[in-house]
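Visitor: Hi, can we walk through this one together? Show me what we have.
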Amino acid sequence: MAETFNPAPHDKHADDLHKALAADRHAKLETGLEDSFPASDPVSAAQPTPSKADADADSPSLWDKVKAMFS
């Protein structure tokens, strides 16, 4: 079978895809670290648990419950 014409042959001077992706990840990590410096605590991926005040803010107050009973 005849070889098909490829209008975009492989570029021997192009960067290796895996090396380029690794360098991009490294650059993003460095940027994130530089943006957070100086800091006493490292950046955390997890969110803290909600406090009691946060939980109370979601529910109506006792006064709101009493007003609702007499309205």
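Guide: First, a term: buried means under 20% relative accessible area, exposed means over 50%, and partly exposed lies in between (1.4 Å probe, protein chains only). This is a predicted model, where local features need pLDDT of at least 70, side-chain atom pairs count only at pLDDT 80 or more, and totals for chains, interfaces and linings use all residues. Residues are numbered from 1 along each chain as its sequence is written, and side-chain values use heavy atoms, with hydrogens and water left out.

Visitor: What share of the residues is buried?
Guide: Buried residues make up 0% of the 71 residues. The protein exposes about 7,400 Å², an area from the Shrake-Rupley method with a 1.4 Å probe, where for residues only the protein chains shown count as cover. Carbon and sulfur atoms supply 61% of that surface.

Visitor: How many helices and strands are there?
Guide: Three helices and zero strands. Both are DSSP runs, numbered from the N terminus: helices are H or I with at least four residues, strands are E with at least two. The pattern along the sequence is α-α-α.

Visitor: Where is confidence lowest, and where highest?
Guide: Helix H2 (residues 52–58) is lowest at a mean of 72, and H3 is highest at 86. That score is pLDDT, the predictor's confidence in each residue, from 0 to 100. The protein's mean is 75, and 73% of its residues reach 70 or more. Where pLDDT is low, the predicted coordinates should not be read in detail.

Visitor: How far apart are Lys-28 and Asp-24 in helix H1?
Guide: They are four residues apart in H1 (residues 17–35), so about one helical turn separates them. Lys-28 counts as exposed because its relative accessibility is 57%. Asp-24 is partly exposed, at 37%.

Visitor: New topic. Is Phe-70 buried or exposed?
Guide: Exposed, because its relative accessibility is 69%. Phe-70 is found in helix H3 (residues 62–70).
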